[in-house]
Structure formats: structure tokens, C-alpha cells
Amino acid sequence: MKEFIVVDTEGSEIVREIAILNSEGQLVYEAFDAAHPNYTETQLKKQPLQAILPSFFDFAKQKQVIFHSANHDIQVLRQSCRKAGLTWRKIQFSCTYELAQHYLPDLLSYSLEYLSKRLNLKVNQKYFNPQQAHSARYDAEFTYQLYLKLMELKSQSSLKKALKDKPNPFSSSKVDNPFQDHPDLKQIYQDEFELLKATIDDIRDDRNHQSQGAVVIGEPGTGKTHLIMRLAKELLQVNRLLFIGQPNNPDSVLYHIYTRILKSFVETVPGNGFTQLENLLAHSFVRILQATSQQSNNDEIILSRIGENPLALYSLAKEGTDLKRKLWQHIERRTNEWWTSQYGLSGYSAQIIKGIIKFCSYTEPRRKELATRWLVAHELEREDAESIGLENWSADFSKEDFSLEAISVFSKLSLLDEPLIIVFDQLEGLGLECNRNLLERFGEAVKEVFTYVPNSLIILNLFPDRWQQFQTFFDGSVIDRISQHKVFLEAPTNQQIKEILQLKVRAIGIDLEKLFTSGELQQILSHRPIRAALNRAADYYRYKARGIPLPRSAQEFSESYPSPEFPISTEQRLDRLEQELSKFRQAIQAIATGLGSIYSTETNGETPVFQPFLNTEFNPHQNTHYQNGNAHRSDETLIVRLDATRQVLDYLKSQRPELLQDYDKLQIITDSDDIGKLTTIAEAFQLIQPFEIDCLRLGKSKLPENRVFQSELKKVAIGFLQIDGSGFTSRLKNFNELVVSHKDTRFLLWRDGRQPPITGKVGREEIEKLNNAANGVYRLMEENDRIDFELLYKLVIDIQNRDLDVDLLAALEVVTDELKDNWLIQLFQPERSLN
């Protein structure tokens, strides 16, 4: 900003009074016309015009002169020069009256008094006082504050143009899984990172390759998953990292762990283009050949062609050739020989190894997908199973036993490669009372993993309070194994958080100091932990780039407001409503205090009811309470809900594109996981309306995974059926029996739209039978339904894990409005029927 002075004159025709402030806001000159009759002989700073005007021009030399209503001031100064017999000198000037018209259009007035009050300007911590106005010094001081504010608005306008169409660099404030790519400041938690790396080295160098445990302890948002992402970035070329989120079904915890491990295995390793599973097999197989004392000609040919790159195994033969078929037959035979010599042929291990080899042998996405579904223990259509050279699983085997053995197979293959890194994250919901049974099964499953899975670093990411709960809940043998190493993540310094912000903003080519004022940056840095600071930075960015008002907690640190040039958005209307409601509350409190009574407010579904309580202290933070299953909110909760509405809408807006982006990727979808997600969502919605949750059974006959939801007004059974072949048909037949025998129940059976279509004649007939029933329907869960389903589940889990700091009830009320036509919302509203 060019050096400037602020000048105010008083006098209608000639200068009667003048005050000049420098660019620091300091008074550098003040004078009164000695010839003016109102000034007494004792008046200080009296000077003749012949002295005042040259002094003015000396201060104005090579500076920008700031006036309010410059035309008037310059006219008075010109006339004063003529009267004093002085020559007018050209000056550079700006007018805050005209600047305000440009940056603040359509205001009622542009007087100094109105603008000072409108912008909450202060001098010496005091607002504008009309009784003190029309003193040159007083008006100059407020003109100075006005000019600074207008220059701030000018800067904001320029910044808004610079930020146009650029993404919010702070909107992604958390790492959902370690395979994502976020800016990483290595100085933070590097010692903790090195400890985990050293533990992996210890496992590799241990002759017994015994698995070790580590618990990473930190408050929400401190960067636990981010630390695992750093492990993935630096070690994925060497180690296999397997990421497991919170299980949701106590009947299939091990199966959940296995399917999440398999999902991680089909992730592509950055830099080499092959999945983790393909990396594991290639490195393991080369070690098998290298360790063989008597190598065959094929072994020698393969080793010579591979050289130092085991991944060259996948380019030894062209797709569809006899050479490739013979090559993979040889790989399967040699791997089976090694496994038999080391571990025998009991259990499912030989089949699992065959499935792994089949997955790695195919490059065609369709066959790879079928091999993945087979590895998840799904029954396939007979033709599909034959197309990938695998036999379907038995219908009555235990998926929990199968899962533990499959995890063990992966870990034993890793003995020929490098230690596995198995990470359990997002476990906070396990501590809820409704998940007590799930937590108990999780502890048993982790204990079995430690017992049967060698060569692995097993990490649990936990909040401090959840770690305390786990220690009191699990027996000592479990705690001792998982906490061989404890890693505590302490809050980073202000400087480190500032460097994270700078790293984020660098992606859009804007300097941090230009984006935020020093006061804004200080306010951002006052938040802890890292995620809270990033979220606050995101709030400020939305305000600067889009004109979205700051949440209440940030407004008190900023007297800025959105320029009228911004369109009025939903967020702005919410903000205005919030302010009006706050003023209303203050007025009611004042009235209540005057009457000698204090009020409380409850919402009965229609209008607020005020109840006076004599001799009771006013508490504006009354919590939501429940009566006969209905939520009653205090007036403060209504205000909080406005903030929650904005947060939840932002969350839905940011998460939906990420889910859409992953929709077409190779997915692992299981009935048990879907039913667990549905149950988790349903238990959350019981906060709004209570209902019973049960499941249907048909003796020992196998049914689709299902849950029944019953309220006073309706009873609905929801099932999922993702398998193929005869298993699909037999389960659907049994489901149809229930439909016929439970006339009072509405049945809905889902199948994911990405799953192979049912082609068998009998299976299609059973589908038609269900659709023709008066109380049943079969639906494909296509993209929109799947995204909404995953979005609702993720919302609930993120709130439970404190990744989203919003009251669960308030969030559910928002999504009930936002997704009112969704089948899940209809399911949990007793007065609505499923479409």
C-alpha cells in the first residue's frame, strides 16, 4: 500500500480546522484558523491560513491523501488558497465516500457516521459518537479506520477473484484411509514413524517372525490415520499394508477383517501399477524358486528372465497364449509344492492359494472381479466359476474359520517377502453400550489374529479414553499383545500447524500470509488438534472465496462481513436467521429477568412453550432430552442446530463425490457387511423414533442376511443377497416362504447393481415370485441408492469416531430433510411406507 495521510477539514467555505494522520494512524498535524472569530486568544494550535496550507502541502507531498467527501474538502482547500493568495498544488487523493460506494453498494447512506456504525468502527475502543463529530481530529480518526476497512474489502475482492474456481485446499481435513494422498509434513511425528519402521525391521529380522502389536494413541484429529498414510507412502513398495475399519456385525468379525484385508490387497501400489496381492505373490514366488535346491528348466528360465525385478513375472507371456497358460500352471504347481512341504494340505489353504494365483494370472477386469468374489467366499454362477478355473465353495462351511485361515495364508506367504502391516482404525464406535457384544467379539478376533498370523505388525489406532476402556474390558493377554509398543501423538506446535497450512495452500498457488490476516491466522492456530485448525481455515476460505459467512465461533474474531456483491446463499440465510434468533433469545431473557422469573423453552412439535421457574439460575445450554421417545429441544439447541445444519450439508457435499469416484472401482460387497451397516444406521435413528430390531429365521434353512424393523404402525424386513448360483436361488426360495407366511410384514430384498445378473431360470422365477407378492419386492441397489446408503453409514460412523463434530440427533434430522425420498429415511419414519 502506498504511503498515505488522512486529512479532514472543517469549514464550509475556507479551512476553519484541519487534522492530518499518518499511515500509522498517528496525529501529525492539527491547526485552527487564527482569524476565525470562534477561537479565543488562548486557543492552542491557532495558525493563519498562510501557515496552515503550506504545512498541508508539505505533508501531502508524494503521498496519497485520503478524504471523506473529497470534493468538499478540496473545494474548501482551493478557496482557502485563493483567500490566502497561495497557488494550488496538485495532489494525489482518494475519497472514502466514493470507495465505500464501490465496495459497499446499495447502502442507505455513505456518511461517515453511518459507515462507522455500519462497520462497527472504533477509535480508542469507542464507537462513533455524533456529539463529538465535526471535529477535524475526531472525523480524521474515523476516516482512517474507514479507509483501512475499505482497503481490507478491496483486498478481499481481489483475493476473491484470485480464488475463483480454485478448490478449498483445507476442505479435506482428514485421511479416511492410508491409500489416499494428502500433503504430509514429515517433521510432525517423525520419531513415532521411525519407531514403527524399526518395529517392522525387528519382525523381519526375528528368526521366528513373531507378530508384534502397537497401539497409536491420540485425540480426534491428531493425525493417527495420517501417520499410517505415511507408512503406506514410504513402505508400500516393500511391505503390504492392510487397513481394517470398525466391524459392524458381531456374527462375522473375522470375516469383516478378512474382507477388508482383501480389499487392501487389491489396491494398486503407486509407482509399479500392480496390486498389493500381485506384489506379494511375485516376490514370494521368486523366493520359492531361489530357495529350491533342484531347479527345473522352467524355474531357471523364469529366474533368468525376471532378473532383479520379480514383477517382471507378469510380462513373461502375452495374454491368451499357450505360453502364459503353461507359465501360470507352473507357478501354481511350484507354489503348491512349497506350501505342502511347509504346512501340509489341511483346511482351505490349498484352495485359497489357488484363488490368489488365479487372481494374479488374469489381466481382464471381469475375470479379476470374479476371482475377487470367489476369494470373498461368494458362490458364483457355475459358468463364471468355470471361466476362472475355480470350484464353488461348499454352502455350509464356516466363513469365520475360513477367514482366519485365509489371513494366515497371506501372512505365511509374506514370510518369503516382507512383514505385513495390519492396521485397525476407526474403532471408537466399539465403545458404545449398544456395541458391547461386538467389542467382545472384536477382542477375541484380534487375539486369534495374533495367535495364527505371523510376520505382522498389528496396529490399533485409538483415542486415549477408548484405550482406557479397552484396558478394563479385555483380558491381560490381549492387552499385552496389542500394546507391546505404545505411540502417543502429542499436539503439534503452532509453527508446525502453520507449516501444514502453508503446505496445503501451496497447491492453489496462494501465499498463506496473503490468504489470511495475522488475526485470522492467530485464530486458526488457536484451535487444536490439527483437524480443528484445518476446519477453521476451511471456514475462512469459504468466506473469502465464496462469501459464505463464518460460523459463530469465528465471527467474534472478525468484524468483516460478506460484501453485497456475493449472491445470497442458503448458508447466508442460515447465518442471518441464527443472528435474529440470538437477538430474540436475549430479548426474552431480559424480559424474564425483569419479571423476576427465568424461562425454559421446549419444542412440542408446534409452538414454543415458555415455562417460568422462580429462583432458578438461567441456563442457556440445556441439553436435548427425551420423553416418550420424542426429542424435546431447548432454545439453545435450535441455535446449535443451525451450525449443525451447515456442517452436515458441507459434509454431504464433500463426501458424496468421493464415494462416486470409488463407485466403479473393484469392490468387495458382502451380505454381512451390508446388514451390519443397516443395523448401525437403524440404531442411530432410534434416537428420533424408537422401534424394535430383530431378524427372521426359518428353522435351519439358510436365508438372506436380514433385519426386521417394527414400530406401532409398520413392520418391514430388509434383506441382502449378493451371492450367485444355487446359493442365491435356495436362499431366495426360503425368503419367499417367509413372505407368504408373514402377511403383516413388508419385505424388501436388495442386491447390488454391480453384481453379476441372475441368469438361472429358477433364480429368475423366484425373483418374479417375490415381485408379484403383495408384500414383497426385489430391487437392484443402483448407484444413487448405494451412494446414499454408504453416505448415511459413513456419517454415523464419523460422528461416533468424532471425525465429524456434530450432535448425532441434529445430523439425522438434517439428512431426514435432505434425503427425504430415500428408502432408508422412509424406513425409519413410522408414518411413511416404502415406495
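1. In this predicted model, helix H27 (residues 725-741) packs against helix H28 (residues 761-772) with the axes 9 Å apart and an angle of about 25 degrees between them. Axes here are lines fitted to C-alpha atoms, for helices over the stretch in contact, and the angles run from 0 to 180 degrees between N-to-C directions. Helices (H or I, at least four residues) and strands (E, at least two) are DSSP runs, numbered from the N terminus. H27 and H28 are therefore roughly parallel; angles under 35 degrees count as roughly parallel, over 145 as roughly antiparallel, 65 to 115 as roughly perpendicular and the rest as oblique. Their crossing is left-handed, a term used if the near helix is turned anticlockwise from the far one by less than a right angle, with right-handed used if clockwise.

2. Which residues make the contact of H27 and H28? On the H27 side they are Phe 728, Thr 729, Leu 732, Lys 733, Phe 735, Asn 736 and Val 739, and on the H28 side Val 762, Gly 763, Glu 766, Ile 767, Lys 769 and Leu 770. Contact means heavy atoms within 4.5 Å. By class, this contact has 7 nonpolar, 3 polar and 3 charged residues. Ala, Val, Leu, Ile, Met, Phe, Trp, Tyr, Cys and Pro count as nonpolar, Asp, Glu, Lys and Arg as charged, and the others, Gly among them, as polar.

3. Residues are numbered from 1 along each chain as its sequence is written, and side-chain values use heavy atoms, with hydrogens and water left out. As the model is a prediction, local features need pLDDT of at least 70 and side-chain atom pairs count only at pLDDT 80 or more, while totals for chains, interfaces and linings use all residues.

4. Helix H9 (residues 276-291) and helix H15 (residues 399-414) cross at roughly 50 degrees, and their axes come within 9 Å. The two helices are therefore oblique to each other. Leu 277, Leu 280 and Ser 284 of H9 meet Phe 410, Leu 413 and Ser 414 of H15. This contact of H9 with H15 has 4 nonpolar, 2 polar and no charged residues.

5. Ile 288 also belongs to helix H9. Is Ile 288 buried or exposed? With 4% relative accessibility, Ile 288 counts as buried, where buried means under 20% relative accessible area, exposed over 50%, and partly exposed in between (1.4 Å probe, protein chains only). Leaving aside residues up to four places away in sequence, Ile 288 touches Arg 334, Thr 335, Trp 338 and Leu 416.

6. Helix H19 (residues 494-505) packs with H21 at an angle of about 110 degrees, the axes being 10 Å apart. H19 and H21 are therefore roughly perpendicular, and their crossing is right-handed. From H19, the contact draws on Asn 494, Ile 497, Lys 498 and Leu 501, and from H21 on Leu 521, Ile 524 and Leu 525. In terms of class, the contact of H19 with H21 has 5 nonpolar, 1 polar and 1 charged residues.

7. Some backbone features deserve a look. Most residues other than glycine have a negative phi, and most peptide bonds are trans. The peptide bond from Arg 528 to Pro 529, however, is cis, with omega near 0 degrees. Pro 529 is found in the loop between helix H21 (518-525) and helix H22 (530-546).

8. His 134 is not a glycine, but has a positive phi, near 65 degrees. His 134 sits in the loop between strand E8 (126-127) and helix H5 (136-163), and counts as exposed at 60% relative accessibility. Arg 802 likewise has a positive phi, near 60 degrees. Arg 802 is placed in the loop between helix H29 (783-800) and helix H30 (808-818) and is partly exposed, its relative accessible area being 36%.

9. How many disulfides does the structure hold? The number is 0, a disulfide being a pair of cysteine sulfur atoms within 2.5 Å. Among the cysteines, Cys 95 counts as buried at 7% relative accessibility, whereas Cys 434 counts as partly exposed at 48%.

10. As for the chain as a whole, the protein chain has 31 helices and 22 strands. Of its 835 residues, 54% count as buried. Among contacts between residues at least 6 apart in sequence, 70% join residues at least 24 apart.
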